[in-house]
Amino acid sequence: MVLAAQVDEALEQWAEEMESTVQAEAYADEIMELRERHLNINDTTALDMIPFLSPFQQKALKNYITLYGQLLSHKELYLIPGFDSTTVALLEGLTVVEPWGFRKLRLADGRHSLVAGIGSPMEKAAGYRDGRYDGDPLHAQLVYAYDLGNKVSVRIAADKDPTEAWGKGNYVGYHLMLNGFGRLEHLIVGRYNLQFGQGVNLWSGLRPFNLLGTSPMRYAKGIRPASTFYEEGYQEGIAATIRIMRHWHASAFVSKNHGIRLLGSHIEYRNNNLVAGITAAHTAMDDSVAPAYHIYSQGPFSSNNVLNVSADAVWQWRRLMLYGEVGASDNGATAGIGGARMMVDDRNSIGISYRHYGTQYRSLSAQPYGIGDGNNESGWTLDAKVRLPLKIDALVSADLHSFPSIRYGAYHPSEGAWLRAQIGRRIGSRMTATMRYAFRQKERNIPYGTANEYELEPTVRHQIQGTLLGEWGRWSTESRIAVSRFESAGSGLQRGWIVAQQARYTWKAFQATAAACLFDVDGYYARIYLNESYLQYNFNMPMYYGQGFRCHLLLKYNITERLTIGGKYAITHYFDRTSVGSGATQTEGPDRQTLYLQVRWRF
């Protein structure tokens, strides 16, 4: 339950800040796949696969096991410097603690699994009725996975979305990954992601697992497989990392994806206190980029290739950590981010960072921490984690940022700010209560008359959310209340609220989850995201606005140790409309219903 709450918090935070659920969906898939691997925390060669563990947390854990022997339970992690309650809670949900020793692995010892699912909305959209959609409303998925410990991983996935015709434009993803074969540390053939430094030069796939109160520092994992159903931003080709000598490691990669070719390398030095690297990447496109004539599109480059070089480092001394990366593109523009974090103890920490991404800096594969796309931005962040009296944990994250030049939606230099704060406390042995506040201020265009005459207006958004988690033997419950408020001169005042209740019952091989929520949200700008339970590869985070209620029921049953079936039914009913959606997506009536069935077979 703690894992679910932590993941829900991160996913909803991303959706609100990025105004998209794409990253959240990809991360949810990766978390589910990670759980399926049953990683043993005592197998220190597997720690690099956990996305939220820093290099120095991995090093501290390895040193502890060397000095005191293998862990007997997750609770021992509290004795290791750098492991706080949040990290331990996440590891409890994603890994196991079992005796582990080196042994020769055979291919026959690997785990096979097959996941097949199919679902559909029950109301027929206008696009199906009038022929605007080529396909049918069915959503079908098929995934084959093979894992041999942490040594070999194979994934083959196929996904047919609603509106698509069978066999036309359907997604197919795959990879073969080898780890830890002598000097060959990693080899991936197929679809993969690149994560180096702080993302100033190269970072594809998922952004970092930044929880409230934690630093924006990236924990670069080098080359890693792409999430099974992540349909954008990945690389496709071959990538490898080898150990040149004791402290030196080299990565090389080549990719071609949708007419974009990427070629590059990364050299890295690692010791107990320092990780430092240099990255060079050349990107070439089949066609030149030629932005349309819009005011906001005159800054981006017009070319068919770009060269990027960057240097990054992370240094730790006791409980102080310094990190950063600086990069340059072939037009001479630069970008960089740097920061520091001090862990006073496992319950108290503070961090600060500064970023400046030049207006003319260009990189098609950059994803550094920030509000925009890795250029035309400067900003400061401050984060803190504090244990208050009465055993109350407080988390704070603040971000002040500015855009020196025009950008999409703001045709003048603009500014903005984010503030998030949370307090939480354990109540007895069964309940945990949290209260979270989020504030966002940004400037946007107000159009007047003609397309080239714009002024900026400030917009302000507030959201307060309370959560109560409970554990009652076979039962677990989650109660939530959220209130939002948005205000601007152009859109006026919009308010919203949502009340949600979820209960989960687990008995032997059976699990049932039921949830219901009631919402009243004036408009899109006051929208509220609420993550809900899901089956593997069937992530869903509804965005609520309007008036109505939503209910869902999820059932899972382990027929045998190897065979699991599951299903989910959900309905959203609106009080304020007689049809849902618009254009091709419009359905008649106030309801939207979906049904999804899944079978998982391990062999």
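1. The structure has 19 salt bridges, a salt bridge being a side-chain nitrogen of Lys or Arg within 4 Å of a carboxyl oxygen of Asp or Glu. This is a predicted model, in which local features need pLDDT of at least 70 and side-chain atom pairs count only at pLDDT 80 or more, while totals for chains, interfaces and linings use all residues. Residues are numbered from 1 along each chain as its sequence is written, and side-chain values use heavy atoms, with hydrogens and water left out.

2. One of the salt bridges joins Asp 136 and Lys 160, with an N to O distance of 2.9 Å. The pair links distant parts of the chain, 24 residues apart: Asp 136 is in the loop between helix H5 (126-129) and strand S4 (139-148), and Lys 160 is in strand S5 (residues 152-160). Helices (H or I, at least four residues) and strands (E, at least two) are DSSP runs, numbered from the N terminus. Asp 136 counts as partly exposed because its relative accessibility is 23%, whereas Lys 160, at 3%, counts as buried. Buried means under 20% relative accessible area, exposed over 50%, and partly exposed in between (1.4 Å probe, protein chains only).

3. Arg 362 and Asp 330 also meet through their side chains in a salt bridge, at 2.6 Å from N to O.

4. Glu 532 is in the loop between strand S25 (528-529) and strand S26 (543-544) and Lys 568 is in strand S28 (residues 563-574), so the two tie together parts 36 residues apart in sequence. Glu 532 is buried, with a relative accessible area of 6%, and Lys 568 counts as buried at 6% relative accessibility.

5. Salt bridges also form a network, which links Glu 185, Glu 268 and Arg 270.

6. There are 13 aromatic pairs in the structure. Rings of Phe, Tyr and Trp (its six-membered ring) pair if their centres lie within 6.5 Å; planes under 30 degrees apart count as stacked, over 60 as edge-to-face and the rest as tilted. Among the pairs is that of Phe 196 and Phe 253, which is stacked, at 5.9 Å centre to centre and 25° between the planes. Phe 196 is in the loop between strand S7 (184-195) and strand S8 (222-225) and Phe 253 is in strand S10 (residues 248-257), so that the pair links distant parts of the chain, 57 residues apart. Both Phe 196 and Phe 253 are buried.

7. Phe 519 and Tyr 574 have ring centres 6.0 Å apart and planes at 80°, so the pair is edge-to-face. Phe 519 belongs to strand S24 (residues 510-521) and Tyr 574 to strand S28, so parts 55 residues apart in sequence are tied together. Phe 519 and Tyr 574 are both buried. The ring of Tyr 574 also has the charged end of Arg 577 over it, 4.0 Å from its centre. A charge sits over a ring if NZ of Lys or CZ of Arg is within 6 Å of the ring centre and within 35 degrees of the ring normal.

8. Arg 407 lies over the face of Phe 403, 3.9 Å from the ring centre. Elsewhere, Phe 486, Tyr 524, Tyr 525 and Tyr 545 make up one aromatic cluster.
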